[in-house]
Amino acid sequence: MASMDRGVKPQQVQQDTAYVPILETVENSFDFENVAKLPLWDEEGNMIPFDHLYKKHKVIVIFIRHFLCFISRDYVEDLAKIPESYLKDANVRLVVIGCAPHKYIKQYKEETKYPFEMYCDIERDVYNTLGMKEIQNCGNGSKHLKHSLIGGLLKSTWKAIKTGDFQGDVKQQGGSFILGPGDQVHFMHRDKADQDHRPINQLLAVAGVQQVSYPKDPRVFDV
């Protein structure tokens, strides 16, 4: 037996450590009609409508907090560890959406080593239409947090002082959705606190993507 490393194709997941892909109770219906054509912006400043993400593909969409939030950064760093081949094998896209100006996307991706699609909802129109919450509540229990709370806050505050910008609204919470192809909702969750994001392996299980081993959420594989 061996722990899975990135790029190693696992053949069998030990059942007692795997997430069972059961849907959570939906808080309310997904507003496809009003959200479909709302704008997102890529790192070059190009606009795409939100429905471009799910029209023809199944997609895992992760809404994060402001770009200097260390909890969101730790989470995105773990998203970056998903091998691209796992997503391709399942024909699933992975997208992260932030609420910062799009000019920060390139640097954010470089710092987190996140290689997949990322967009910004500058005016938070998609956030608001989908009912993402505005509340300052740290919460607890994240399987992807690597920093101490004090150390992370000091680091985020120092970066904000240097840039003069928190790179997004500090009260804005995120959420996670699995959509498509077309107007299908497979999963949705609106975060109630900074650490309330769904475990990445739960999202992968629901989307039908091979799970990944993390220090706080290990997977044991036959290789």
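Predicted model: local features only at pLDDT ≥ 70, side-chain atom pairs only at ≥ 80, totals over all residues.
**Pocket**

I started with the second largest pocket, and its volume is about 190 Å³. Residues are numbered from 1 along each chain as its sequence is written, and side-chain values use heavy atoms, with hydrogens and water left out.

A pocket here is an open set of points on a 1 Å grid over the protein atoms alone, with protein on both sides within 12 Å along at least five of seven lines; lining residues have an atom within 4 Å of a point. A volume is the space filled by probe spheres set on the points, which are joined across faces, edges and corners.

I looked up the lining next and found H57, E84, L87, K88, N91, V92, R93, L94, F116 and E117. At least two of the lining residues come from α3, and at least two from β6. (Helices are DSSP runs of H or I with at least four residues, strands are runs of E with at least two, and both are numbered from the N terminus.) I sorted the lining by class and got 4 nonpolar, 2 polar and 4 charged residues. For that, Ala, Val, Leu, Ile, Met, Phe, Trp, Tyr, Cys and Pro count as nonpolar, Asp, Glu, Lys and Arg as charged, and the others, Gly among them, as polar.

**Cavity**

A cavity is a set of points where a 1.4 Å probe fits but cannot get out. Searching the whole structure for cavities of 30 Å³ or more turned up 1. The largest cavity has a volume of about 60 Å³. It has 10 lining residues, and F63, I64, S72, D191 and H197 are the closest to its centre. β5 and α2 are the elements that give two or more residues to this lining.

**Aromatic rings**

I then checked the rings of Phe, Tyr and Trp (its six-membered ring), which pair if their centres lie within 6.5 Å; planes under 30 degrees apart count as stacked, over 60 as edge-to-face and the rest as tilted. I get 9 aromatic pairs. F50 and Y54 are edge-to-face, because their ring centres are 5.6 Å apart and their planes are at 65°. Both F50 and Y54 are buried, meaning under 20% relative accessible area with a 1.4 Å probe, protein chains only. One aromatic cluster takes in F30, F32, F50, Y54, F63, Y127 and F177.

Note on methods
Buried < 20%, exposed > 50% of the residue type's maximum accessible area, 1.4 Å probe, protein only.
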